[in-house]
Amino acid sequence: MQFSEINLSPQLIEAVEKIGFSELTEIQEKTIPLLLEGIDVIGKSNTGTGKTAAFSLPIIEKITEDTRHFVNALILCPTRELAMQACEEISKFSKFKKFVKPVAVYGGASMDRQIYALKNGANIVVGTPGRVLDHLRRRTLKLQNLSTIVLDEADEMLNMGFREDIEAILAQIPEERQTVLFSATMPPAILQITKQYQTDPVMVQIQSAAKTVDSIEQFYVSVPMGRKTDALHLLLTDKKPASTMIFCNTKKMVDELTEVLISRGFPAIGLHGDMKQAQRTQVMNSVKSGRSTILIATDVAARGIDVKGIDMVFNYDLPQDHEYYIHRIGRTGRAGKTGTAYSIVSGRKQEYELRDISRYTKAKITEVPVPTASVIKENAITSLKEEILESCAMEASEDARKLAQSLMETGISAEDILSAILNKRVADTMKTLPLFDIPRPISRKRNDKQEVRNTVRVHINVGRKERMAPNFILGALVDATGLPGSEFGKIDIYDKFTTVEVPTDEADFILDAMQQEKINGHKVAVKIHEERPGKGRRDEHFSGNRERSGRNDRRNGKNFDKKGSYNNRRSSYNGRNKKRRNG
Ligand code: CDP
Ligand code: MG
């Protein structure tokens with residue numbers, strides 16, 4: 001449906017057309033008529049589907065010469081950026097309806113300026129719950145004539161702990177009002193709010209997950225633990241996205257990754273919830289101006305922020321919530337454009353998580369190899385060739401031609417001269433690339449002849465008391481590490497703990513991979529096993545340099561007859577073929 005076909009006044013239609021909208025999005029088409037009629041609406045649709053215009057246009061439409069002198073509508077948003085962004089959008093929509101005055105109020109900014117704006121004719125207020133409440137308490141914001149309240153990104157506001165503030169605000173506004181709620185997800189807490197504060201609401205759900213995701217090509221790479229940053233480096237170098245967003249799950253990770261990418265020469269910048277307002281504005285300016293083309297962010301910080309022209313999204317960490325995957329990758333491929341998303345996973349567990357996400361989103365996520373240095377080099381050489389042939393078509397400068405002639409006079413062949421010049425160019429493209437020639441952990445198999453490898457025992461704090469069985473333990477190890485079952489040696493199950501013999505050179509990797517693992521539903525702690533002194537085994541204390549055969553001989557000695565001993569290497573168990581354990 002075209003904007004011109006909808007029941008909005010010409011000034012508004014002119015304004016949206018000027019911005020470049022022609023077709024209404026689905027959520028707009030379904031909610032705008034209801035909102036114009038004053039009906040309470042619950043709108044659920046993905047990020048980037050045009051919810052801002054959906055609730056703003058009816059609000060702007062309904063403000064008249066008669067009602068312009070007080071606050072008609074209040075829009076609550078979870079973050080300052082969202083409040084600012086929505087406020088800017090509303091200004092654009094009301095370009096030809098001059099008496100509509102939106103103002104954004106949010107924490108971390110001058111109270112005075114907000115008070116001034118509120119006093120001087122603001123009739124739409126967009127704000128974060130905390131600051132809105134603050135203004136209500138100071139009586140610098142008066143809502144007795146309010147006709148519409150919008151809870152935008154309601155799920156996120158609840159996630160961020162704004163529930164009490166929101167309820168305090170709802171308690172202070174006229175009962176005769178329109179209550180509108182927009183959210184990308186509908187957890188039970190939202191439905192509770194709806195029940196309590198809305199009157200005969202109409203629920204509009206847009207099932208656009210598949211549609212949104214359809215226009216986005218989705219890939220993943222699987223890399224060994226600790227190699228995600230290098231893989232990202234190679235992907236960024238090979239794919240050369242013009243503008244990209246990288247998602248991490250924690251603020252710490254955002255900071256660390258930003259620092260590394262900057263140190264490697266990428267124009268990266270980080271955004272997270274801990275930043276001061278001035279800092280966040282700076283970040284967004286840097287991204288909007290194109291100075292930083294790589295934005296690294298957490299879900300909460302990035303929620304709802306509308307950065308234009310993202311052509312690639314990376315999941316450095318997989319999102320904890322499946323729906324977040326859709327929101328993240330929805331940042332690219334907006335408004336009919338196609339985009340690309342890459343997820344970087346490490347270990348079996350994350351591969352399974354990604355498989356779940358793919359099942360949930362019904363999207364095909366294809367595994368691709370991390371571009372190797374040689375692929376990157378090949379591409380670089382191809383584009384260098386194109387570049388040179390292009391310059392051949394242009395007139396060379398007098399100086400260049402003179403230099404060429406004098407080089408040819410030396411008697412060195414043209415090919416040798418050219419090779420010498422290109423040598424450096426090719427070397428330059430390659431010099432900063434990380435080495436990445438271990439494609440996947442799975443293939444770190446070694447052949448039997450080259451061992452004898454040293455082993456060490458790792459200690460897992462679950463045992464017979466927790467009804468552990470060797471196959472649970474081995475399955476978890478194989479899952480978490482991606483190593484073949486044959487890498488693990490003897491598994492000894494004691495009452496309160498279990499030890500597993502592992503190759504010394506994989507021990508750190510294994511400890512790392514086992515962090516936060518669960519075995520048969522038990523969260524476990526894994527460390528290097530400290531052999532108990534005083535039982536004639538002092539020689540093994542802290543060791544790890546023994547040969548495997550010697551170890552096994554001793555292990556079969558009398559100290560171990562009270563435990564269930566299991567030698568994995570003699571069994572045919574292959575952990576990789578088993579089904580996924582507990583969720
Ligand atoms: O709030 P939500 O995440 O659903 O999306 P938004 O922040 O309103 O962003 C929607 C994007 O689509 C903005 O860049 C709009 O300019 C654009 N757009 C729209 O909102 N409505 C249309 N009919 C066409 C484009
Ligand atoms: Mg929004």
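Helices and strands here are DSSP runs, numbered from the N terminus. With that in hand, welcome to the tour of this predicted model.

**Stop one: T298.** Select T298, which sits in the loop joining β11 (294-297) to α14 (299-302). Is this residue buried or exposed? T298 counts as buried, because its relative accessibility is 8% and the cut-off for buried is under 20%. Now show what surrounds T298: beyond its neighbours within four places in sequence, it is in contact with F247, C248, N249, T250, K251, V254, L271 and H272.

**Stop two: the largest nonpolar core.** Next, select L57, I60, I75, I124, V126, V150 and F182, the residues with the most contacts inside the largest nonpolar core, which has 39 residues. To see where this core comes from, colour α1 (10-19), α2 (26-36), α3 (51-62), β2 (73-76), α4 (80-93), β4 (124-127) and β6 (178-183); each of them supplies at least two of its residues.

Stay a moment with F182. Setting aside neighbours within four places in sequence, its contacts are I27, T31, G43, K51, A54, F55, V150, L151, D152, E153 and A154.

**Last stop: G226.** Finally, pick G226 in the loop between β8 (216-222) and α11 (228-239). G226 is exposed, since its relative accessible area is 70% and exposed means over 50%.

Note on methods
Residues are numbered from 1 along each chain as its sequence is written. Chains are lettered from A and ligands numbered from 1 in the order in which they are written. This is a predicted model: local features need pLDDT of at least 70, side-chain atom pairs count only at pLDDT 80 or more; totals for chains, interfaces and linings use all residues. Side-chain values use heavy atoms; hydrogens and water are left out. Helices (H or I, at least four residues) and strands (E, at least two) are DSSP runs, numbered from the N terminus. Buried means under 20% relative accessible area, exposed over 50%, partly exposed in between (1.4 Å probe, protein chains only). Contact means heavy atoms within 4.5 Å. A nonpolar core is a set of buried Ala, Val, Leu, Ile, Met, Phe, Trp, Tyr and Cys residues joined through side-chain atoms within 4.5 Å.
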